[in-house]
Amino acid sequence: MATMNLVIEHVDRVNPNVFTDTDKYEWMSTLDGLVAHEVLQEEAPNYSIPDDADTPLLVQSPYDDIYRLYVTAMVYLHNREYDHYNNAVLVFKERYDQYKRWYIRTHKPKTAGNFRNVMG
């Protein structure tokens, strides 16, 4: 189960950086907003940081690594390490696309009830 604090702990251990936890909370909140609007088609969660930092994020295992990938990409971007950023964001986008495809496959829209196509 991914939480903001677990993601930060992992990113800081694997890729030490100078950015504050607040910066990383904002990046993850932005990503959850994208997931909410683009994939789940619902309102973005309104996190109260740091109180909600241990609340589970929207995307769960096995796709919860998108948070680590996104935060790592943002660290590279803000450090102006553009080659590393380009690589990190490509990996993030691929994994995010995998999540979106999985979600669409497994969460079919509700049927239109008794709608019948009379045109063909």
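Helix H2 passes helix H3 in a right-handed crossing; a crossing is right-handed if the near helix is turned clockwise from the far one by less than a right angle, and left-handed if anticlockwise. The model is predicted: local features need pLDDT of at least 70, side-chain atom pairs count only at pLDDT 80 or more, and totals for chains, interfaces and linings use all residues. Residues are numbered from 1 along each chain as its sequence is written, and side-chain values use heavy atoms, without hydrogens and water.

The axes of H2 and H3 come within 10 Å and cross at roughly 125°. Axes are lines fitted to C-alpha atoms, for helices over the stretch in contact, with angles from 0 to 180 degrees between N-to-C directions. From H2, residues including Trp27, Met28 and Leu31 meet H3 residues, among them Ile66, Tyr67 and Tyr70 (contact means heavy atoms within 4.5 Å). By class, this contact has 10 nonpolar, 2 polar and 2 charged residues.

Lys24 lies in H2. Its relative accessibility is 1%, so Lys24 counts as buried (under 20% relative accessible area, 1.4 Å probe, protein chains only). Beyond its neighbours within four places in sequence, Lys24 contacts Ile8, Asp12, Asn17, Phe19 and Val71.

The largest nonpolar core has 32 residues (buried Ala, Val, Leu, Ile, Met, Phe, Trp, Tyr and Cys joined through side-chain atoms within 4.5 Å). Met28, Leu57, Ile66, Tyr67 and Tyr99 touch the most other members. H3 gives this core its largest share, 8 residues.

Terms used
Buried means under 20% relative accessible area, exposed over 50%, partly exposed in between (1.4 Å probe, protein chains only). Helices (H or I, at least four residues) and strands (E, at least two) are DSSP runs, numbered from the N terminus. Ala, Val, Leu, Ile, Met, Phe, Trp, Tyr, Cys and Pro count as nonpolar, Asp, Glu, Lys and Arg as charged, and the others, Gly among them, as polar.
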